[in-house]
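Welcome! Please take a moment to look over the sequence and the 3D view before reading on, and keep both at hand as we go through them together.

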Amino acid sequence: MNKRFAGSTIQAMYAEQSGKCHYCAKHMTFHLGEIIEQDSVTIDHKIPKSKGGKSTVENKVLACGKCNGEKDSLTDKEFILVLEYRKNPEKFEKFFQQEMR
């Protein structure tokens, strides 16, 4: 858990996201100071610092540990596309086939 954000800020983010991961919508457990586990709350940069993202509340979302780890240096929009592709690769293949014509 990022100690730069006050517990009340994290709690507000958690409530705003209805306790769900920003990426996979899985319900996350939340206890201040907890050890990060797969279903635990982590704080993630929507735009990673490696791509110029800032450590501001506006650039942060709560994510489960699994998604945060898999997202790596992708932006939130890039990672959401990856997740959508995993759910329905045929949809993307049809799109790309149409675009290639």
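Which residues point one way from β1, and which the other way? Val41, Ile43 and His45 are on one side and Thr42 and Asp44 on the other, and all are buried. Buried here means under 20% relative accessible area, while exposed means over 50% and partly exposed lies in between, using a 1.4 Å probe and protein chains only. In a regular strand the side chains alternate between the two faces of the sheet.

Before we go further, a word on what you are looking at. This is a predicted model, in which local features need pLDDT of at least 70 and side-chain atom pairs count only at pLDDT 80 or more, whereas totals for chains, interfaces and linings use all residues. Residues are numbered from 1 along each chain as its sequence is written, and side-chain values use heavy atoms, with hydrogens and water left out.

Now for the overall layout. The protein chain has 4 helices and 2 strands, and along the sequence they follow the pattern α-β-β-α-α-α. These elements are DSSP runs numbered from the N terminus: helices are H or I with at least four residues, and strands are E with at least two. Of the 101 residues in the chain, 34% are buried. The accessible surface comes to about 6800 Å², and carbon and sulfur atoms own 53% of it; such areas come from the Shrake-Rupley method with a 1.4 Å probe, and for residues only the protein chains shown count as cover. Among contacts with a separation of 6 or more, 48% are between residues 24 or more positions apart, a contact being heavy atoms within 4.5 Å.

Let us return to the strands. β1 and β2 pair in the antiparallel sense over 5 bridges; two strands count as paired if DSSP finds at least two bridges between them. You can follow the pairing residue by residue: His45 has Lys60 as its bridge partner in β2, and Asp44 has Val61. Like β1, where 5 of 5 residues are buried, β2 has 5 of its 5 residues buried. On β2, Lys60, Leu62 and Cys64 lie on one side and Val61 and Ala63 on the other.

Setting aside neighbours within four places in sequence, the residues in contact with Asp44 include Tyr23, Asn59 and Asn68.

The largest nonpolar core has 16 residues, and Cys21, Tyr23, Met28, Val41, Leu62 and Cys67 have the most contacts inside it. Such a core is a set of buried Ala, Val, Leu, Ile, Met, Phe, Trp, Tyr and Cys residues joined through side-chain atoms within 4.5 Å. Two or more residues come from each of α1 (7-16), β1 (41-45), β2 (60-64) and α3 (76-87), and β2 gives the most, with 4 residues.

Finally, visit the loops. Most residues other than glycine have a negative phi. Ala25, in the loop between α1 and β1, has a positive phi of about 65°. Asp72, in the loop between α2 (65-71) and α3, also has a positive value, near 55°. Ala25 is partly exposed at 46% relative accessible area, and Asp72 is exposed at 61%.
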